[in-house]
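Colleague: I am new to this structure and would like a guided tour. Could we take it one place at a time?

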Amino acid sequence: MSDAISFLSPRADVLARRAHIVADLTDLLPPECLVHEARELVPFETDAFVSYRRLPLAVALPRTTAEVSAVMRYCNRYGIPVVPRGAGTSLSGGAIPQEDAVVIGLSKMNSILEIDLPNRVAVVQAGVTNLNISESVSADGFFYAPDPSSQLACTIGGNIGMNSGGAHCLKYGVTTNNLLGVRMVLVDGTVIELGGKALDAAGYDLLGLVCGHEGQLGIVTEATVRLIAKPEGARPVLFGFEASEEAGACVADVIAAGIVPVAIEFMDKPAIEICEAFAHAGYPLDVGALLIVEVEGSEAEMDATLKDIVEIARRHAVKTVRECQSATEAALIWKGRKSAFGATGRIADYICMDGTVPLSQLSHVLKRTAEIVDHYGLRVANVFHAGDGNMHPLILFNANDPEDAARAEAAGNDILRLCVDAGGCLTGEHGVGIEKRDLMRHQYSEADLAQQMAARAAFDPGWLLNPSKVFPLEGRPAA
Ligand SMILES: Cc1cc2nc3c(=O)[nH]c(=O)nc-3n(C[C@H](O)[C@H](O)[C@H](O)COP(=O)(O)OP(=O)(O)OC[C@H]3O[C@@H](n4cnc5c(N)ncnc54)[C@H](O)[C@@H]3O)c2cc1C
């Protein structure tokens with residue numbers, strides 16, 4: 001192993017440092033598990049946030065927990081920052097190396113280790129994709145509930161990192177409600193187990209802390225997740241309204257009435273048009289806002305729940321109510337919704353905000369969002385998990401125009417402040433990452449932040465794990 005490496009050296013030393021580190025990592029990993037040529041590092045320089053780019057020093061792709069532990073031990077010994085990475089679909093810059101760092105990618109740890117149907121759990125490696133879990137138990141009549149729109153690509157390790165949600169989380173909860181245990185490598189290479197197949201492990205709820213840790217408390221290598229029995233039936237229904245405010249008020253009233261459908265998703269007019277042009281899902285184009293409400297259960301249960309929802313929607317002058325008639329139609333309706341971000345990317349550059357608000361504030365926040373974006377001379381498409389109050393304004397701009405990009409960022413920040421001021425928070429599911437780090441002070445007092453950073457320091461005293469994310473940089477321990 002090499003001698004200690006100073007990370008305070010000037011940038012001119014980066015190549016030499018990389019060569020040094022790669023030589024050392026070669027002792028720990030076989031060549032196919034190490035990426036270090038500049039050209040091959042390019043895919044790892046950013047994630048779905050794309051606003052920042054920085055090449056990692058090297059990328060380690062371990063195959064086992066023992067290999068993760070060996071790389072972590074090495075990096076910790078020489079004070080090398082480490083950025084854990086799943087599929088790199090983070091929308092807040094969570095997986096971008098913002099300093100000279102080694103990226104540890106979990107893509108080779110992609111095995112389903114155990115399906116335990118009697119106990120309704122699966123044990124999987126961290127690099128398994130979200131959809132893969134559901135697909136592997138579908139024939140037995142089960143599924144894994146959290147369903148981010150990126151589920152084809154994103155990994156369970158990334159889902160845990162961001163406490164990810166999805167369209168069907170209104171009823172079943174987000175990742176934290178469906179995670180039972182993890183195996184995790186700490187910054188010094190120690191391997192720990194939190195939780196397991198049994199419910200409610202004794203002691204502090206460290207599993208709750210790890211869910212949403214944004215790669216700062218350790219590297220998750222295995223997860224034990226809850227499996228849910230598929231319902232007898234499920235039916236998405238389209239509700240079209242004249243305006244966004246009416247749709248927002250309808251959502252608030254449905255939840256206030258104690259009705260919990262599986263999903264309530266919202267699209268405004270620009271989002272309907274964008275998604276319809278892409279997916280041909282059959283969305284009505286003569287409405288100003290659309291709700292996709294999914295109910296499930298027996299036919300009688302679905303009919304009864306729908307009757308109550310339709311009654312509430314009528315109070316908000318619903319224009320269209322269309323029940324889905326077939327499995328093909330249902331699949332198309334969800335395809336349209338789940339491809340919203342990709343479909344938007346076909347027509348413009350966009351940044352996707354991720355604030356959450358109390359449902360009673362939905363209408364107000366939608367109206368103010370339109371005013372804010374208008375003030376900056378930009379356009380917005382809203383498509384989001386309305387039942388959870390988790391808003392995703394997609395602010396459209398031209399990335400080739402730096403002034404337009406600055407306006408989009410300013411509008412996004414104003415919208416997030418609006419969410420906080422309305423009693424909500426900066427992120428529903430995409431995490432803080434780089435994107436919202438400097439807004440954390442708008443949400444939290446210094447004392448709140450200090451306590452969160454103390455919890456972080458208990459796991460990673462030197463801030464080696466994903467160091468530039470989540471917390472204002474001044475909180476970093478002195479080098
Ligand atoms: C088109 C599109 C649609 C999306 N839709 C949704 C949605 O509906 N709901 C939603 O919640 N999100 C959504 N996202 C955001 C993103 O997919 C999620 O945040 C996802 O969980 C990230 O998973 P990943 O494997 O890509 O992780 P990455 O992006 O690679 O990493 C995410 C974070 O987790 C950390 N991390 C990754 N793996 C590990 C590990 N094994 N151990 C410790 N830390 C780790 C990283 O350091 C980083 O901080 C969407 C993204 C896109 C591009």
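**A tour in questions**

Modeller: Leaving out residues up to four places away in sequence, Glu222 touches Thr65, Leu113, Val123, Val124, Gln125, Ala126, Gly181, Val182 and Arg183, where contact means heavy atoms within 4.5 Å. This is a predicted model, in which local features need pLDDT of at least 70 and side-chain atom pairs count only at pLDDT 80 or more, while totals for chains, interfaces and linings use all residues. Residues are numbered from 1 along each chain as its sequence is written, and side-chain values use heavy atoms, with hydrogens and water left out.

Colleague: Is Glu222 buried or exposed?

Modeller: Glu222 is buried, with a relative accessible area of 16%. Buried means under 20% relative accessible area, exposed means over 50%, and partly exposed lies in between, with a 1.4 Å probe and protein chains only.

Colleague: In which strand does Glu222 lie?

Modeller: Glu222 belongs to strand E10, residues 219-226. Helices (H or I, at least four residues) and strands (E, at least two) are DSSP runs, numbered from the N terminus.

Colleague: How far apart are Glu222 and Gly127?

Modeller: Between their C-alpha atoms the distance is 8.5 Å, although Glu222 and Gly127 are 95 residues apart in sequence.

Colleague: Changing topic, what is the order of the strands in the open sheet of four?

Modeller: The order is E1-E2-E4-E3, with mixed pairing; two strands pair if DSSP finds at least two bridges between them. Strand E1 (34-35) and E3 stand at the edges with a single partner strand each, so one side of each has no neighbour in the sheet.

Colleague: What packs on that sheet?

Modeller: Helix H3, residues 65-77, packs on it and touches E2, E3 and E4. The direction of H3 makes about 165° with that of E4; axes are lines fitted to C-alpha atoms, for helices over the stretch in contact, and angles run from 0 to 180 degrees between N-to-C directions.

Colleague: How many bridges join E3 to E4?

Modeller: Four bridges join strand E3 (residues 82-85) to E4, and the two run parallel. Val83 has Val103 in E4 as its bridge partner, and Pro84 has Ile104. Strand E2 (residues 58-60) also pairs with E4 in the parallel sense, over three bridges, with Ala60 opposite Ile104.

Colleague: Which way do the residues of E4 point?

Modeller: Val102 and Ile104 point one way, Val103 and Gly105 the other, and all are buried.
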